[in-house]
Amino acid sequence: MLARQYPVVVFFVQHIAYYRGLHSKFAVVEAHRDFWRSTCDAHLKLATVSWCNVFGSSGEDLHWTKIPAAEVADQAAEDFRQRILAHTGFTSDTWQAYHKSVLDFRNTYAAHLDVLTPFFQPVPDFDPAIQTAFAYQEWLRELTSPVLLNQPAFSAQHAEWEREACSVIGLS
């Protein structure tokens with residue numbers, strides 16, 4: 001499961017960084033604005049769907065709760081929930097509301113379009129989503145695989161990918 005799940009979280013971190021890098025410079029882009037707007041939107045949608053694959057509904061095939069071995073599953077799940085709250089600064093209730101907002105964004109805009117009820121809500125703040133990915137990597141390093149100790153920190157990768165996106169449009 002880890003071999004399938006972990007790359008999806010990396011994919012999320014990469015695409016949210018690309019989205020942020022492009023979005024932060026969009027106001028000053030003069031050429032090919034439609035292309036960059038569409039590219040930005042595509043990165044946001046990919047990031048949203050990827051995040052929800054692992055952190056969305058517990059019924060997802062790649063949901064994070066499917067990692068821990070049965071004998072430590074309850075304690076490991078509680079540990080990760082506490083890490084999420086610590087990394088995001090949320091209470092359990094604010095986490096639930098935030099989680100629902102990202103799922104709603106995915107369900108009505110990023111993955112499915114509700115033709116009868118178009119999505120008019122603000123795009124969720126993805127800072128907590130990124131912090132969830134950081135907490136996930138930290139959690140896995142302690143829970144499972146020494147191989148993960150050799151992987152770059154998501155925070156460093158995110159920063160690098162965001163810089164890369166800015167440089168692609170020549171606005172670093």
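**View 1. Contacts of H99 in a predicted model.** H99 touches W51, F55 and G56, leaving aside residues up to four places away in sequence; contact means heavy atoms within 4.5 Å. H99 lies in helix α4 (residues 92-110), helices being DSSP runs (H or I, at least four residues) numbered from the N terminus. H99 is buried, with a relative accessible area of 12% (buried is under 20%, exposed over 50%, with a 1.4 Å probe and protein chains only). The model is predicted: local features need pLDDT of at least 70, side-chain atom pairs count only at pLDDT 80 or more, and totals for chains, interfaces and linings use all residues. Residues are numbered from 1 along each chain as its sequence is written, and side-chain values use heavy atoms, without hydrogens and water.

**View 2. P122 in the loop between α4 and α5 (127-143).** P122 is exposed, at a relative accessible area of 64%. Its C-alpha is 9.6 Å from that of S101, 21 residues away in sequence.

**View 3. The largest pocket, with a volume of about 240 Å³.** Of its 14 lining residues, W64, R81, I84, W95 and Q96 are the closest to the centre. A pocket is an open set of points on a 1 Å grid over the protein atoms alone, where a 1.4 Å probe fits, with protein on both sides within 12 Å along at least five of seven lines; lining residues have an atom within 4 Å of a point. Volume is the space filled by probe spheres set on the points, which are joined across faces, edges and corners. α3 (73-88) and α4 each supply at least two lining residues.

**View 4. The second largest pocket, of about 170 Å³.** Its lining includes Y19, H23, R37, D41 and F105. α2 gives the most, with four residues.
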